[in-house]
Amino acid sequence: MVARTLGLAAALLLGSSAAAETPPAPAPADTPPQAPNIEEAETAAEDIVTFAYDEDRYRRMTVPVTIAGKGPYRFFIDTGAQATVVTHGITTDLELEPTGRARLVAMGSSEMVDTIDIDDLEFADRRLSGITAPLLERKNIGADGILGLDTLQDLRVLIDFEEDSISVADAKTLGGNGGYEIVVRARERLGQMIITDARLNGIRTAVIIDTGAENSLGNMALLKRLRARARGTLSATDVHGQKVHSELAMAKRLVIGRMELENVPIGFADSPAIEALGLKDKPALILGMGNLRLFERVAIDFATRRVLFDLPGTTARRSLFEPEFMATRTKS
């Protein structure tokens, strides 16, 4: 096998408690993972998510994928992951052997992993071949695999928080641009879309929308500029199973274009994933699903390099901790 280095930045699993739960045991490809009782999701440039969802929600938050005519397998869509990821259950089912090695940069660690060459991968009416996918443990992923940026180009990812679902297709199939109050342009870097028209407490900040992250993560360069006081710590596990610790602090105001969020909880830590994007010494923020739930819908359009936000009301200014907002987002 040939050792290679891939431009990967991988997943962080940020829990809402001081310590992450023990990862669930591997499950068959056709059943959802046995997730912890708290909602946890994972993130960054090579990402994973473990949701404490029922089976119906699990299927609505994943997409069916077939490989070489077999499946369907359930894959999470991760706009923070640069590479598509597969797990051992798939390689066993397809009788695939590792074809190489690569260094996978995760949110809290960097390790050499086996890679698998995949042809005939199908989802969203498209068929892809020539994919080199890192091979990871399902217990650290929470699904059969992850669809990363290498398979999402020219497509739109739509997260519908009202329907509690995620979809991927072309923009027209997903309803076009109608109904979105705010549209923000983004720049591309290593396949990742980065919003540069953003300020956190008045500090210009590079923002990455990450559907694989439950909570948001800022780098230490951002925390230093904010001069914010840590209110606690978050402990979680990345895709390699390594512990990731971050300092929890509150940001008074996040402005993206003409949209404004107030009282934003953020974890802060130096991350190899953020460093891989060339942002180690620049204020940067990975915006996770927990903070995005303020909106009814969020669409990440890779074809036009735009991020679209559908607000739940007529105002572009809301607090993440407003009682009425929290009540509307509480799911039974």
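**Figure 1. Secondary structure of the protein chain.** In this predicted model, the protein chain contains eight helices and 28 strands. Of its 332 residues, 56% are buried. The accessible surface amounts to about 13800 Å², and carbon and sulfur atoms contribute 47% of this area. Among the contacts with a separation of 6 or more, 69% are between residues 24 or more positions apart.

**Figure 2. An open sheet of five strands.** The strands follow the order β14-β13-β26-β27-β15, and their pairing is antiparallel. The edges of the sheet are formed by β14 (165–169) and β15 (182–185), each of which pairs on one side only. On average, neighbouring strands of this sheet are turned by 15° against each other, direction ignored.

**Figure 3. The pairing of strands β13 and β26.** Strand β13 comprises residues 156–160, and strand β26 comprises residues 297–301. The two strands run antiparallel and are joined by five bridges. Within this pairing, Val157 has Ile300 of β26 as its bridge partner.

Figure 4. Ala133 counts as buried because its relative accessibility is 0%, and the cut-off for buried residues is under 20%. When neighbours within four places in sequence are left aside, Ala133 is in contact with Thr84, Val85, Val86, Asp114, Thr115, Ile116 and Ile118.

Note on methods. Residues numbered from 1 in each chain as written. Predicted model: local features only at pLDDT ≥ 70, side-chain atom pairs only at ≥ 80, totals over all residues. Heavy atoms only, no water. Pairing = 2+ DSSP bridges. Helix = DSSP H or I, 4+ residues; strand = E, 2+ residues; numbered from the N terminus. Axes fitted to C-alpha atoms, helices over the stretch in contact; angles between N-to-C directions. Buried < 20%, exposed > 50% of the residue type's maximum accessible area, 1.4 Å probe, protein only. Contact = heavy atoms within 4.5 Å. Areas by Shrake-Rupley, 256 points an atom, 1.4 Å probe, with all protein chains shown as cover.
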